[in-house]
Amino acid sequence: MKAAVLVFPGINRERDMARTLQLVSGRAPAMVWHAEHDLPAGTDLVVVPGGFSYGDYLRCGAIAARAPVMDAVRSFAAKGGLVLGVCNGFQILCESGLLPGVLMRNAQLKFICRDVYLKVERSDTPFTRGYNAGQVIRVPVAHGEGNYIADGETVAKLEGEGRVLFRYTGPDGIPDPNWNHNGAMNGIAGILNEHGNVLGMMPHPENHVEEVMGCTDGRGLFAGLVDHLAKAA
Amino acid sequence: MKARVTVTLKSGVLDPQGKAIEGALRSLGVDGVASVRQGKVFDVEIDGADKAKAETLLKEAADKLLANTVIENYRVEVLG
C-alpha cells in the first residue's frame, strides 16, 4: 500500500493516521503538503486526516477543500483511486464536492470526545472488507461539527444504494437516538461516494488499532484496505 | 467600492446555534422573539467602480467559497 496523507495547516491527526498506516501496512505513508499540485507517483490510497484545518474558519473544511492538492485528489478519485477522509477529512471531502451533504454543528452544540458504537452496514467494499456486515465496532469521536445532513433525496439515495457504511447505534447495533451523539440524519457516521472509492467518516478508526489504546476495532478498516490493494496489484 | 455578501441558512436546515441563541434571549427576558436563524455577513472592498462587474465578482466569490449552497443562500449588495 502506497498511502499519501494530506497535511493542511491546522490539521493535528496526521501523525496518528501515519502511525496506523505504517503499523498495519508495514510502510510509512508519504506526507503531502496542501500546496502540492501532484500526489506521489504510484499512490494507491489518499487519506485526509482529522484536525482543524485553517482553524475551522468560514466553515469546517471549506478552505482546505479549495487547496491546490485537492485538484490532484479529485482527479485521483475520478480515476477510481481510493480516498479516505476522517473527521475534518470528511468535512473537507464534503466541501470539495467529492461527497454529498454537509457536517453541521452537533445537535447538542457540544464538542464530543468519547467512544461511540458503529454498525458496519456492508462488508463488500474496499473500506469494510475487514469486517462482517452488521458487526458493531467501538471507535472514538472528537468533533463539534459532525451532524451529517443532506436533502431528503440525497439521503434516500445514499440509503437506497447502500452507501451508508457506518451508522451510530447502541452497543447492540440497534439505532437509538440516545446513541446518536451528534444528531446526524439516520445516524449516519460514514458514507461512500457513488463509485464506491471515496469514504468519509466522522469517527477515528486510526485511534483504535493497538491493545495499548484499549481497543483494536478500528484496525479492520486499514487491514481491509491493505488486503484489497494487495489483491488489486 | 464597498459591498456586502450576506449568507443565510436555507429554510428547513436545522440551526442548532440559532436555537441556542433563541433560548438565551428567552432566558434574558427578551420577549416576543419567535425564532432566530444565524447567518454570516462579509464586508468586501472591491477594486474599480463598475457595479455590474462587482456584482458578478461577488456572486463568483459566494458560489466558490463564501457560501455552501447545499445548505446556504446568499445575497450580494454593492453599497457604492
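Biologist: Which helices and strands each supply at least two residues of the lining of the largest pocket?
Modeller: From chain A, helix H3 (88-95) and strand E5 (102-104); from chain B, strand E1 (2-9) and helix H1 (16-27). Helices (H or I, at least four residues) and strands (E, at least two) are DSSP runs, numbered from the N terminus. It's a predicted model: local features need pLDDT of at least 70, side-chain atom pairs pLDDT 80 or more, while totals for chains, interfaces and linings use all residues. Residues count from 1 along each chain as written, chains are lettered from A in the order written, and side-chain values use heavy atoms, without hydrogens or water.

Biologist: How much space lies in that largest pocket?
Modeller: About 460 Å³. Of its 25 lining residues, Leu58(A), Arg59(A), Gln17(B), Lys40(B) and Glu72(B) are the closest to the centre.

Biologist: And how does the lining divide up?
Modeller: 10 nonpolar, seven polar and eight charged.

Biologist: What about the second largest pocket, how much space there?
Modeller: About 170 Å³. Its lining includes Gly97(A), Pro100(A), Lys157(A) and His195(A), and divides into four nonpolar, four polar and three charged.

Biologist: Switching topic: which residues of H5(A) are buried?
Modeller: Gly220(A), Leu221(A), Phe222(A), Gly224(A), Leu225(A) and Leu229(A); buried is under 20% relative accessible area with a 1.4 Å probe, protein chains only.

Biologist: What covers them?
Modeller: Chain A elements, including helix H1 (14-25), strand E3 (45-48) and strand E9 (164-169).

Note on methods
Buried means under 20% relative accessible area, exposed over 50%, partly exposed in between (1.4 Å probe, protein chains only). Contact means heavy atoms within 4.5 Å. On a 1 Å grid over the protein atoms alone, a cavity is a set of points where a 1.4 Å probe fits but cannot get out, and a pocket is an open set with protein on both sides within 12 Å along at least five of seven lines; lining residues have an atom within 4 Å of a point. Grid points are joined across faces, edges and corners, and a volume is the space filled by probe spheres set on the points. Ala, Val, Leu, Ile, Met, Phe, Trp, Tyr, Cys and Pro count as nonpolar, Asp, Glu, Lys and Arg as charged, and the others, Gly among them, as polar.
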